[in-house]
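Let's take a walk through the charged and sulfur-bearing side chains of this protein. Keep the structure open beside you as you read.

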Number of protein chains: 2
Amino acid sequence: MSAKNLTLLTDLYELTMMQGYFETQADETVVFDAYFRENPERSGYSIMAGLEQVIEYIKKLNFSYEDVEYLRSLGIFKEEFLHYLSGFHFSGDIYAIPEGTVVFPKEPLVKVVAPIMEAQLVETAILNIINHQCLIATKTSRIVSAAQGDGIMEFGLRRAQGPDAGLYGARAAMIAGCVGTSNVLAGKMFDVPVKGTHAHSWIMSFKDEYTAFKTYADLYPSACILLVDTYDTLKSGIPNAIRVFTEMREAGIDLTFYGIRLDSGDLAYLSKKARKMLDAAGFPDAVISASNDLDEYLIHDLKMQGAAINSWGVGTNLITSKGCPSFGGVYKLAAISNDNGEFIPRIKISENTEKITNPGNKTIYRIYDKETGKMRGDLICFVGEEYDIEKDLTLFDPVDTWKKTRLKGGTYTMREILLPVFQNGSCVYDSPSVMEIAAYCTKEKETLWDETKRLFNPHKVYVDLSKKLYNVKQELLSQMSDDEDQ
Amino acid sequence: MSAKNLTLLTDLYELTMMQGYFETQADETVVFDAYFRENPERSGYSIMAGLEQVIEYIKKLNFSYEDVEYLRSLGIFKEEFLHYLSGFHFSGDIYAIPEGTVVFPKEPLVKVVAPIMEAQLVETAILNIINHQCLIATKTSRIVSAAQGDGIMEFGLRRAQGPDAGLYGARAAMIAGCVGTSNVLAGKMFDVPVKGTHAHSWIMSFKDEYTAFKTYADLYPSACILLVDTYDTLKSGIPNAIRVFTEMREAGIDLTFYGIRLDSGDLAYLSKKARKMLDAAGFPDAVISASNDLDEYLIHDLKMQGAAINSWGVGTNLITSKGCPSFGGVYKLAAISNDNGEFIPRIKISENTEKITNPGNKTIYRIYDKETGKMRGDLICFVGEEYDIEKDLTLFDPVDTWKKTRLKGGTYTMREILLPVFQNGSCVYDSPSVMEIAAYCTKEKETLWDETKRLFNPHKVYVDLSKKLYNVKQELLSQMSDDEDQ
């Protein structure tokens, strides 16, 4: 749908600022962090996704002749600058947290270290891609957890916010643990399983429900899920399905994957009734799948009420992340290099403490309990700070600094989670396949305590600042406040 | 971002059903209606958008060699069917309500009259496109109304659900009355105004705020909106802006479009303070623009409180339609042709009365008061029903049938709003430009009473069924219910 060339997928102000830097010959190397301020829907964690599309975007950055002509037509750009754009390519470094990783607020998901003109241009598209896919991956992860091991199918394409939202939303959903998507193009593009059977219109186009079921079963005997709610679920749909399954068995057909789908009515009540009817007819292994406005809360509740559903199709609420349809990622200047190539930390203050940035050229270490492999917390520090895991480590809350956690040397492990993706404009990172990322994501979630994965009021994972970073931040804040007093 | 070829942008079940129809040689001509059940966020109306992209999609429908190879690899499609797909093109008729038209629940926005295999295939993409653009156009229209004539700028790209959501969301926003978008690619693709100045990072990259402002003003003297909240809005931002404006004036620069942008803090308080400071300094025509998590409700409230803002940048809440991120459009079978080529109405019942479909091959007439030009209501009827506007017309509520409105002959006018778009597979409709659609949309909204445009608890516009359609519907419902009793 959208143009292949996304170079102009940016806010106009990125270009007006770029021209400003061009004109003033201000092109210091800077550090920008893309991070988010809070988990969507009070989740205890989020899931990183979208990096592969960021990489594609950066690789293809190139102002075409038509792009430059268009910008010229706006009458605000000078010829020298347009000439510069026509030869533009990204020459900087990018670091990112790999897709499928569990992530937390305030952590740089993507860090751009580049001449300010380049770093500014890529802001909008990076945020667009990361905000979208992290949002859908996080929502999906919660839905998958609520289903306690049942399969979740992504069925949202028709309600997605445009074609890309359907496609990349399906990609993010697969990363976060869906077993399949209805989206055929997503299946083709990302090599992920596609699923689906039939709609009410199939049933309505035949003279009766039985004939519709029978025809479908003849065509697709090895994946025969019949939609039973077109007329009357209990009086017509399920009895007709049982009749067809019985005929299939009598005809010697191997009933491996078969069952029913409920798409309306009370899913707890109907699924329990359906289970009894199917069991009584000798079909205890028939799948009962359900769809209809599901989300993590409803699935959680249906499970609590003993709904006999073992496969869930989730559409609208997953693909739009209804309840919280934006991730809120921001892209903030963190440092500017001086003449010696050293990064001088910058801070953006705000009346709202939550909006104050973390200054400097930073990285992130994830800390695990050596014995259980469970996550203890994350540590944001300056690039180059060194730690010895044989020594004790004291973590402290960056807001409530009296809250300290002391980790005894030898009892914990650390790994850096912000990895190089581009260096001097060249890509140095190979994206895994979507299903590889999904497998990694499952392992990542296993490092979280159940308390953090809880839907409601989850336990917060600590994301602490290194002592050095904390001190630099306080110093900058205090300078700012002194300036204000003058 | 997404592939140009959207033929596989469909749910797998559309293809499994298609193969079913192919195998059973069931390819009657059918009528499908794409419609929605309720206005988002209890709005009194919605805005139609997305038709041009539906047309592009239908025109380009074509299973490439790779598409067929991919489908073959799934192992569920037979060679005869794959061969059929490789020669597939759309051969049917499509009718639609033009973009920018005010629309209401239950009205077919798009009607597909085609062989069932073709009509089934296009369901998902049509819904995806229409659901998205109608949603954003409707949200935007409400925001534009709340601003009471002030300009609304669309600033949401970074928070949109992927690149297409940013692009086509901007398109829908322009249709519904935005004065510009920050999205440069949308500006290029849809020939709409692009807007934007600078971000906090611009200010932070200079040694001080004054220098940042001054540099910007030197570069862009004719569109100089300065962002004043990087450090301290009242103590630093506005005084520095005034200093720069004063210097511009002293230098003889013609201050035509200039002013400030507020992006944090209490916008009512700060804008009123800013207005006083700017006025006192001799800049009564300086624009005060505002951004930061705005939506129709907050703009409405800020206006009520006398905020001195005359230009609004709206991002996240517009581009995601936060509060209601899906439009909920559905695509339902309404009729199947018999051997004589007559359309036999079909109905889908549901325990939920709201979900019962309107049967048959239908069209829609919009009825206006002849004197005021205001809308009286819409009438859904069968294709071919004729009306004489010189005769009295009785409209009745399809649910509460005792609620009747009698229109005296000669006092009203009617126009059919569902227009032919494709006939026998050929496009017969020329899409207007986005700005033409936007002008039409403004006129459309003028036909609504203010009571219908109210944000809260708006007056409902009547969408009635013709007597004939109502009777057929009741007959089908009664047949269904008889069948159930047997």
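**Charges and cysteines**

A:D208 and A:K207 are joined by a salt bridge, with their closest N and O atoms 3.8 Å apart; the term stands for a side-chain nitrogen of Lys or Arg within 4 Å of a carboxyl oxygen of Asp or Glu. This is a predicted model, in which local features need pLDDT of at least 70, side-chain atom pairs count only at pLDDT 80 or more, and totals for chains, interfaces and linings use all residues. Residues are numbered from 1 along each chain as its sequence is written, chains are lettered from A and ligands numbered from 1 in the order in which they are written, and side-chain values use heavy atoms, with hydrogens and water left out.

How does this pair sit at the surface? A:K207 is exposed, at 72% relative accessibility, while A:D208 is partly exposed at 30%. Here buried means under 20% relative accessible area, exposed over 50%, and partly exposed in between, with a 1.4 Å probe and protein chains only.

Over all chains, the structure holds 50 salt bridges. One of them links A:R72 to A:E79, with the closest N and O atoms 2.8 Å apart. A:R72 is partly exposed at 34% relative accessibility, and A:E79 is partly exposed at 44%.

Now turn to chain B, where B:E69 and B:R72 meet in a salt bridge at 2.6 Å, N to O. Both residues lie in helix 3 (residues 65–73) of chain B, three residues apart, about one turn of the helix. Helices are DSSP runs (H or I, at least four residues), numbered from the N terminus. B:E69 is partly exposed at 34%, and B:R72 is partly exposed at 33%. Elsewhere, salt bridges that share partners join A:E107, A:R366, A:D378, A:R415 and A:E444 into one network.

A:K60 belongs to helix 2 (residues 51–60) of chain A and is partly exposed, at 48% relative accessibility.

Last, the cysteines. How many disulfides does the structure hold over all chains? There are zero, a disulfide being a pair of cysteine sulfur atoms within 2.5 Å. For A:C427, the nearest cysteine sulfur is that of A:C134, 18 Å away. A:C427 is partly exposed at 29%, whereas B:C224 is buried at 0%.

Note on methods
Helices (H or I, at least four residues) and strands (E, at least two) are DSSP runs, numbered from the N terminus.
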